[in-house]
Amino acid sequence: MQQGIFISFEGIDGAGKSSHIQAVADAFRLQGKAVVQTREPGGTALAEKLRDMVLHDAMDPLCEALLVFAARRDHLQQVIEPALARGDVVLCDRFTDATFAYQGGGRGFDLRVLTQLEQWVQALPGGGLRQPGLTLWFELDPAVAAHRLAQARVPDRFESQPQTFFNKVHLAYAARAHADAKRFARIEADASMDAVRQAVLNALRERGLLSAEPT
Ligand code: TMP
């Protein structure tokens with residue numbers, strides 16, 4: 001069966017990942033690929049409703065974890081799996097690494113429960129787990145991210161957390177990257193927009209996902 005390419009974009013709030021998704025989409029489209037740009041939590045009508053709750057309503061870490069995985073289940077079934085089956089490129093602004101980083105690292109929630117939920121929600125019919133083929137991890141010092149966020153939009157429940165929260169989120173991302181080094185590409189995010197964009201495109205070229213022509 002034809003299989004597409006699944007790429008996730010990760011990093012702490014303020015790392016600037018979302019600005020680069022469009023450049024990646026443009027590069028794939030230039031090479032004739034169909035691209036689906038999506039995000040988590042979100043990406044379907046149901047998952048966007050759950051996103052709104054997770055970002056704005058008070059709840060405990062277990063509720064948070066259950067809601068992000070419920071949103072992910074719907075997103076996988078309605079959007080991601082059909083797109084991959086068509087052979088499309090799926091660019092997803094955050095995926096399960098964010099749950100391990102924010103609910104696991106930031107909130108200190110039980111990683112074994114998250115692992116169990118991951119197994120249920122991402123199970124593939126023939127066995128194994130749905131994971132991105134590549135995760136671009138935009139790594140930024142939490143102190144720099146905090147400075148960027150202070151000058152930006154009205155904060156949601158996560159963006160309003162103190163820097164100590166983001167230190168823990170950052171460490172949890174580093175642990176996920178260490179545990180699955182082949183899947184992760186670390187992008188140095190404390191650089192100019194253009195330098196970060198080039199680093200992202202290079203990471204895709206090095207893995208043979210984009211052809212070598214300059215973009
Ligand atoms: P965004 O602002 O990058 O779209 O992400 C929304 C927020 O949701 C961000 O602060 C991280 C948080 N989040 C979680 O806490 N758990 C998750 O599983 C996901 C996907 C996002």
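By class, how many nonpolar, polar and charged residues does the shell around the ligand have? There are 6 nonpolar, 2 polar and 6 charged residues, with Asp, Glu, Lys and Arg counted as charged, Ala, Val, Leu, Ile, Met, Phe, Trp, Tyr, Cys and Pro as nonpolar, and the others, Gly among them, as polar. This is a predicted model, so local features need pLDDT of at least 70 and side-chain atom pairs pLDDT 80 or more, while totals for chains, interfaces and linings use all residues. Residues are numbered from 1 along each chain as its sequence is written, and side-chain values use heavy atoms, leaving out hydrogens and water.

Of the 14 residues around the ligand, the nearest are D13, R51, R94, T99 and Q103 (a residue is near if one of its heavy atoms lies within 4 Å). Helices α2 (45-56), α3 (61-86) and α4 (96-106) each give the shell at least two residues, and α4 has the largest share, with 4; helices here are DSSP runs of H or I, at least four residues, numbered from the N terminus.

Q103 places a polar side-chain atom 2.8 Å from a ligand nitrogen. The protein covers 95% of the 480 Å² of accessible area that the ligand has on its own (Shrake-Rupley method, 1.4 Å probe).

Elsewhere, the whole structure holds 8 aromatic pairs (Phe, Tyr or Trp rings, the six-membered one for Trp, with centres within 6.5 Å; planes under 30 degrees apart are stacked, over 60 edge-to-face, the rest tilted). Y102 and F158 form an edge-to-face pair because their ring centres are 5.6 Å apart and their planes at 85°. This pair links distant parts of the chain, 56 residues apart: Y102 is in helix α4, F158 in the loop between α6 (142-150) and α7 (163-179).

How values were computed
A polar contact is a pair of N or O atoms within 3.5 Å; within protein, one must be able to donate a hydrogen and the other to accept it, and residues adjacent in sequence count only if both atoms are side-chain atoms.
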